[in-house]
Structures are given as C-alpha cells and as structure tokens.
Amino acid sequence: MFAPEADYERHGDVQDVVFPCGYTIASDGDTINLYYGAADFCIALAHGSIRSLLSGLDANGHSEHSSDHRHK
C-alpha cells in the first residue's frame, strides 16, 4: 500500500525507505493526508481516499489467521 517509488524516497541517508509520521483527515471525512519520512532524508505529504483504501483492503486482503475461531 505504501512503498518507496519516487527518487527522493529511494535515494537518501537510508535507501528505499518510507515511514509514516502522522496524519490528518480533511473536513470531507474521506481525504487522509499522510506525512511521511522519505529515505530518512526528507519529510513528504501524500493524499488519499480512506474509502478507496478500505475498499482495496476488502478486495485484496486476507487473514493470516484463517483458522481463528473467536466468537464475534
């Protein structure tokens, strides 16, 4: 979901590393603003849709604990 792609994310003090530092949610309730470190060299900002992220997880996610028998 979140991996180094841009040159500034791939080349810096630590190569090929991105890591979230914090986030805000816009007034529309769907836009997430993710502040993140890039290659341990700079801070950047990514924007995304919470609904789209959750839909992607629903469509492509799977449980590592498929034998989990907890009561819901």
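Student: Is Cys42 buried, partly exposed or exposed?
Tutor: Cys42 is partly exposed, because its relative accessibility is 25%. Buried means under 20% relative accessible area, exposed means over 50%, and partly exposed lies in between (1.4 Å probe, protein chains only).

Student: What about Cys21?
Tutor: Cys21 counts as partly exposed too, with 49% relative accessibility.

Student: Before I go on, what are the ground rules?
Tutor: This is a predicted model, where local features need pLDDT of at least 70 and side-chain atom pairs count only at pLDDT 80 or more, while totals for chains, interfaces and linings use all residues. Residues are numbered from 1 along each chain as its sequence is written, and side-chain values use heavy atoms, with hydrogens and water left out.

Student: Fold next. What's the order of elements from the N terminus?
Tutor: The order is α-β-β-β-α. That comes to two helices and three strands. Both kinds are DSSP runs numbered from the N terminus: helices are H or I with at least four residues, strands are E with at least two.

Student: How do β1 and β2 pair?
Tutor: Antiparallel, over seven bridges, with β1 spanning residues 18-25. Pairing requires that DSSP finds at least two bridges between the strands. Thr24 has Asn33 in β2 as its bridge partner.

Student: And what joins β2 to β3?
Tutor: Eight bridges, again antiparallel, with β3 at residues 42-49. Ile32 stands opposite Gly48 in β3.

Student: Which residues take a positive phi in the hairpins?
Tutor: Gly29 does, near 75 degrees, in the β1 and β2 hairpin, which has five residues between the strands. In the β2 and β3 hairpin, with three residues between the strands, Ala39 sits near 55 degrees.

Student: How many residues of β2 are buried?
Tutor: Six of its eight, over residues 31-38. For the protein, 15% of the 72 residues count as buried.

Student: Switching to the surface. Which residues make the nonpolar patch?
Tutor: Met1, Phe2, Leu53, Leu54 and Leu57, covering about 510 Å². Patch residues have over 30% relative accessible area and no salt bridge, and nonpolar side chains (Val, Leu, Ile, Met, Phe, Trp, Tyr) are joined within 5 Å, like charges within 9 Å. A salt bridge is a Lys or Arg side-chain nitrogen within 4 Å of an Asp or Glu carboxyl oxygen. Areas use Shrake-Rupley with a 1.4 Å probe; for residues, only the protein chains shown count as cover.

Student: Where is Leu57 found?
Tutor: In helix α2, residues 50-60. Leu57 is partly exposed, because its relative accessibility is 42%.
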